[in-house]
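Let's go through this one as a set of questions and answers. Have the model open while you read.

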Number of protein chains: 2
Amino acid sequence: LTVLHALKRHLPQESTVYLGDTARVPYGARSAATVVKYSLNNARTLAREAQLKLLVVACNTASAVALPALEEDLAVPVIGVIEPGARAAHRASKGGSIVVLGTQGTVRSGAYPRALASLGRDHGIVTRACPLLVPLVEEGWTEGEIPGLVVRRYLHDLPMDLDTVVMGCTHYPLLRSVLRDALAPHVTLVDGAEATAEEVRALLAKDDALAAPTAHAKHRLLVTDAPEQMARLSPAFLGEVVNASDVELIDVQMTA
Amino acid sequence: LTVLHALKRHLPQESTVYLGDTARVPYGARSAATVVKYSLNNARTLAREAQLKLLVVACNTASAVALPALEEDLAVPVIGVIEPGARAAHRASKGGSIVVLGTQGTVRSGAYPRALASLGRDHGIVTRACPLLVPLVEEGWTEGEIPGLVVRRYLHDLPMDLDTVVMGCTHYPLLRSVLRDALAPHVTLVDGAEATAEEVRALLAKDDALAAPTAHAKHRLLVTDAPEQMARLSPAFLGEVVNASDVELIDVQMTA
C-alpha cells in the first residue's frame, strides 16, 4: 500500500488495481519457491481482473525472488521495488557503507547486493533481516519506546562509515521517524516506494503509455481475506480512509 | 509444537503425525472463513498421510473457529485446545477475574468466554488480543527488556481482582517467564497445552484406544514450507533438536 500511495501521488491520472494477498501474508519468512508460487497466483489473478499495461510488484520479498518468473509469465512490463531502491541508494551513498533492512527472504535472496553490484557498487554493503518490524507496523506501534528499542536492536553494530540505509520492505516507511531518530543526521534513508513510482512514470513515458492528463483515474482494492483489516490499515499506509465495503474480497487463482 | 511437546510427555508410547502449515501461518489475524478452510485442508491432508485415531487441533485460533467443521468432516474424535484450557482456568480461579490472552481471531471468536460459560462461569472474564507475541517468540526474543515491555503493554489496565491468566495461544508458553514477572505472584498462569494433553490421555483411555505401554512410538513432522525453519524452532518449542532433513515438506490438499 505504501507503493500504491507513492504511485497515486506521482501518477494521479493512472487507474490502478491493487491486490493484497491478505490470506497468505506475510511473505517475509517463506521459502523462495512458495513466494514465487504465490506471486504467480496473484499476478494471474490481476491479469484476469483487469486489462493491465504494467505490473508493479509492490513487495520487496516477492521482487527479490519472483521477478524472473513473473516477467516470463506476463505479457506486460513488470517492475519490482528492489532495483529502483538500489539505484536510489547508489545515488545517495557518498562512498560510505549502505545498509539494507528487509525481511528474511529479501536478505537471504541477496537481491539488493546483486542489484547494487550491477550498478558497479560491490563493497560496503550490509543487509540485515528485521522480522519484527512488519508486525510492529501492523499493530500500529510506530512510535514510542518499544519500536525505538526494537529498531536500535536491529541497527546495533553497523559499520562506522554508514551513510545510507535502505528501507527494504514496504512496511518500513511507517517507521521512518523511529529509524530517523536511531541514525546519525547525515545518514540518508532511502524509500524504495518513491523510487519505484518515479521509474514507473519514466517507463510509461518512454513507452508513450501514460494516461491522458484529463483521464479520470479509477482505483480498485482487492484482497484475499479480511477486507475490514485493509480498511483499518489504509489511513496509515495509503494516506486515505477506505471503507471495508469498497474493498473487494476475491479468490486467487491457485495455478502456478 | 508446544502441544506436541506436552503430548509426547504425557503419552510417550503414542505415535504422532504433526502438520505445521508454515506456508500460510500465522492464522491469528485471518478471517474465520479462511481459518476454517485452511484447517479442513490440513485435517484432510493428515487423514491422507496417516491412519488417525484422534486429531488434536494444536492451535487456539483454529480451535476457536474450526472445531465444528472438523468434527463434521472427520471420522475420528477431534480435540481442540480451548475447552481444556477453559476447564483448567475454571479450576484455577478462586472467583477472581480470568484474563485470556490470544490472537485477534481467538479473541474475536468469543470461544473462551463461551467455553467458560458452558462450565457455569459467566462473569469476570476479560479477553485481550496480543498480536505481537507470536512474532516475538518466532524471533526468539523471549526474555529481556523488549518482551517485558511488550507484555506489560498488553497487560495494562487489567481487573484488580485478576487471579488467572490463560496463555490462549500455543506460542505463549515460551514467554512464560516474562508473563510470570509481569503478574502478581498469586495469579495462576494456565497452559492449555498441558490441559489438552491430559484430556487426550483421558479420552483415549475411556475409548480403550491407548497404545500398548510397550509400543514403539514413531513421530513424523510435516510442514507446508521451509523445513529448516521448523528445525530451527524445535529446540525452543519442542524441547528437542530436529534435523531439517527429518522434516517432510508436503502440499496440503486444497479441498474445502
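Two strands count as paired when DSSP finds at least two bridges between them. Keep in mind that this is a predicted model.

Q: Over how many bridges do β8 and β9 of chain A pair?
A: Strand β8 of chain A covers residues 219-223. Pairing takes at least two bridges. β8(A) and β9(A) run in the parallel sense, and their bridges number three.

Q: Which residue in β9(A) stands opposite L222(A)?
A: Look across from L222(A) into β9(A). The residue standing opposite is E248(A).

Q: What is the order of the three strands in the open sheet of chain A?
A: The pairing in this open sheet is parallel. β1 (16-20) and β9 (247-249) of chain A each have a single partner strand, so one side of each is left without a neighbour and they stand at the edges. From one strand to the next, the twist averages 25 degrees. The order is β1-β8-β9.

Q: Which strands of chain A does helix α2 touch as it packs on the sheet?
A: Helix α2 of chain A spans residues 32-49. Its direction makes about 145 degrees with that of β1(A). The strands it touches are β1 and β8 of chain A.

Q: How much space lies in the largest cavity?
A: Counting cavities of 30 Å³ or more gives three. The largest of them holds about 60 Å³.

Q: Which elements of chain A each supply at least two residues of the lining of the largest cavity?
A: The lining includes M167(A), G168(A), G192(A) and A193(A). By class, the lining residues divide into seven nonpolar, four polar and one charged. The elements that each give at least two residues are β6 (162-168) and α10 (192-206) of chain A.

Q: What is the volume of the second largest cavity?
A: This one is lined by residues of chain B, among them V3(B), Y112(B) and D191(B). Its lining has seven nonpolar, three polar and one charged residues. The volume is about 50 Å³.

Q: Which C-alpha in chain B is nearest the axis?
A: Chain B superposes on chain A by a rotation of 180 degrees with 0.0 Å of shift along the axis (RMSD 0.0 Å). The two copies are thus related as by a two-fold rotation axis. The nearest C-alpha in chain B lies 2.6 Å from the axis and belongs to R24(B).

Technical notes
Residues are numbered from 1 along each chain as its sequence is written. Chains are lettered from A and ligands numbered from 1 in the order in which they are written. This is a predicted model: local features need pLDDT of at least 70, side-chain atom pairs count only at pLDDT 80 or more; totals for chains, interfaces and linings use all residues. Side-chain values use heavy atoms; hydrogens and water are left out. Helices (H or I, at least four residues) and strands (E, at least two) are DSSP runs, numbered from the N terminus. Axes are lines fitted to C-alpha atoms, for helices over the stretch in contact, and angles run from 0 to 180 degrees between N-to-C directions. Contact means heavy atoms within 4.5 Å. On a 1 Å grid over the protein atoms alone, a cavity is a set of points where a 1.4 Å probe fits but cannot get out, and a pocket is an open set with protein on both sides within 12 Å along at least five of seven lines; lining residues have an atom within 4 Å of a point. Grid points are joined across faces, edges and corners, and a volume is the space filled by probe spheres set on the points. Ala, Val, Leu, Ile, Met, Phe, Trp, Tyr, Cys and Pro count as nonpolar, Asp, Glu, Lys and Arg as charged, and the others, Gly among them, as polar. Copies are superposed by least squares on the C-alpha atoms of residues with pLDDT of at least 70 in both.
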